[in-house]
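This report walks through one structure for a reader who has not seen it before. Please look over the display before reading on.

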Amino acid sequence: MPRQRWSPALWLALPLLCMPWTTPFAEYGDVLLNNRAQQAGMPPVVFPHWFHRIRYRCKVCHSELGFEMRAGANVVTMNDIVQGKFCGACHNGQIAWATENCGLCHTGRAGLPTRIFGSHETLGPGRW
Ligand code: HEC
Ligand code: HEC
Ligand code: HEC
């Protein structure tokens, strides 16, 4: 297939293409969460880490809300979220839009595993 012939080159070129405008953000990319979503028939969740990091201190999420600093380390269920845990501490219709907006979180492409999105690995403490 012709597509397969250029796709490895594309993967190599992608980080280079992204660099000029993502360099300040390259340490920690978006986190793709798909421990449970797709199995349950929902698209994976894309968590825009930097969008949140520039708004809140790390400890809000990584200490107070209990998120581990490692992609995929948490068992986050939709039930927890609706009950105000994890993402639901803010996505409750007061601090941020509420959980009925399924499509704003479940935006990942089907088949993608849980991982940091947009950078292969980070330099931070997340890489244990
Ligand atoms: C709004 C919540 C929130 C804030 C604020 C936040 N994080 Fe995160 N962070 C998360 C979530 C959610 C994950 C993914 C956890 C998982 O997959 O189970 C994560 C994952 C990580 C990881 C592992 C993934 C990676 O990039 O290697 C690191 C490291 C990390 N955070 C560092 C930080 C630092 C440093 C700050 C502050 C500058 C911060 N976080 C602020 C929610 C947050
Ligand atoms: C604020 C973000 C957010 C919103 C809004 C949201 N979800 Fe989720 N959802 C998550 C996260 C995070 C997970 C855990 C992802 C994983 O690891 O697979 C999840 C997991 C799930 C799962 C997997 C099974 C389970 O119970 O955990 C289902 C099903 C689900 N969501 C359905 C929905 C539906 C339906 C809506 C809209 C009514 C919705 N979600 C809205 C973030 C969200
Ligand atoms: C500490 C509070 C907080 C937590 C925890 C939190 N969010 Fe958010 N999130 C916000 C706020 C505030 C906004 C901006 C809402 C707005 O624009 O009205 C936002 C926006 C977003 C957006 C839209 C970003 C954009 O580009 O507009 C997504 C997607 C999102 N959150 C997903 C998640 C997921 C998934 C989780 C859990 C893994 C989560 N959030 C946890 C506060 C939080």
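Where is Leu104 found? Leu104 is in helix α5; helices (DSSP runs of H or I, at least four residues) and strands (runs of E, at least two) are numbered from the N terminus.

## The model and its numbering

This is a predicted model, in which local features need pLDDT of at least 70, side-chain atom pairs count only at pLDDT 80 or more, and totals for chains, interfaces and linings use all residues. Residues are numbered from 1 along each chain as its sequence is written, while chains are lettered from A and ligands numbered from 1 in the order in which they are written.

## Confidence

pLDDT is the predictor's confidence in each residue, from 0 to 100. The chain has an average pLDDT of 79, and 69% of the residues reach at least 70. Helix α1 (residues 2-22) has the lowest confidence, with a mean of 52, and α4 has the highest, at 97.

Residues 16-27 have a pLDDT below 50, and this stretch has six contacts in the model beyond near neighbours in sequence. Residues 120-128 are also below 50, with 13 such contacts. Two residues are in contact if their C-beta atoms, placed from the backbone, lie within 7 Å. Where pLDDT is low, the predicted coordinates should not be read in detail.

## Overall layout

Five helices and three strands make up the elements of the chain. Read from the N terminus, their order is α-β-β-α-α-α-α-β. Of the contacts between residues at least 6 apart in sequence, 57% join residues at least 24 apart.

Among the 128 residues, 16% count as buried. A residue is buried if 20 or more other C-beta atoms lie within 10 Å of its own, exposed if 12 or fewer, and partly exposed in between, with C-beta atoms placed from the backbone.

## Strands and core

β1 and β2 run antiparallel and are joined by three bridges; two strands pair if DSSP finds at least two bridges between them. Leu33 stands opposite Val45 in β2. In a regular strand the side chains alternate between the two faces of the sheet. Both faces of β1 are covered, with Asp30 and Leu32 buried on one side and Val31 and Leu33 buried on the other.

A nonpolar core is a set of buried Ala, Val, Leu, Ile, Met, Phe, Trp, Tyr and Cys residues joined through C-beta atoms within 7 Å. The largest one has 10 residues, including Val31, Leu32, Leu33, Val45, Val46 and Cys105. β1 (30-33) and β2 each give two or more residues to this core, and β1 gives the most, with three.

## Ligand surroundings

A residue is near a molecule if its C-beta atom, placed from the backbone, lies within 6 Å of it. By this rule 22 residues surround ligand 2, and the closest are Asn35, Ala37, Met78, Cys102 and Cys105. α4 (78-82) and α5 each give two or more residues to this shell. The shell around ligand 2 has 12 nonpolar, eight polar and two charged residues. Here Ala, Val, Leu, Ile, Met, Phe, Trp, Tyr, Cys and Pro count as nonpolar, Asp, Glu, Lys and Arg as charged, and the others, Gly among them, as polar.

Ligand 3 has 20 residues around it, of which Phe47, Cys87, Cys90, Ala96 and Cys105 come nearest. At least two residues of its shell come from each of β2 (45-47), α2 (49-53), α3 (58-64) and α5 (102-105). The shell around ligand 3 has 17 nonpolar residues, two polar and one charged.

## Selected residues

Pro44 lies in the loop between β1 and β2. Pro44 counts as buried because 23 other C-beta atoms lie within 10 Å. Beyond four places in sequence, the contacts of Pro44 include Leu32, Leu33, Gly108 and Leu112. Pro44 and His106 are 62 residues apart in sequence, yet their C-alpha atoms are 5.4 Å apart.

Phe86, in the loop between α4 and α5, has a positive phi of about 45° although it is not a glycine. Phe86 is partly exposed because it has 19 C-beta neighbours inside 10 Å.

Val82 belongs to helix α4 and, with 15 other C-beta atoms within 10 Å, is partly exposed. Leaving out residues up to four places away in sequence, Val82 touches Gly88 and Thr99. Leu104 is also partly exposed, with 14 other C-beta atoms within 10 Å. Leu104 and Phe47 are 57 residues apart in sequence and 9.9 Å apart in space, C-alpha to C-alpha.
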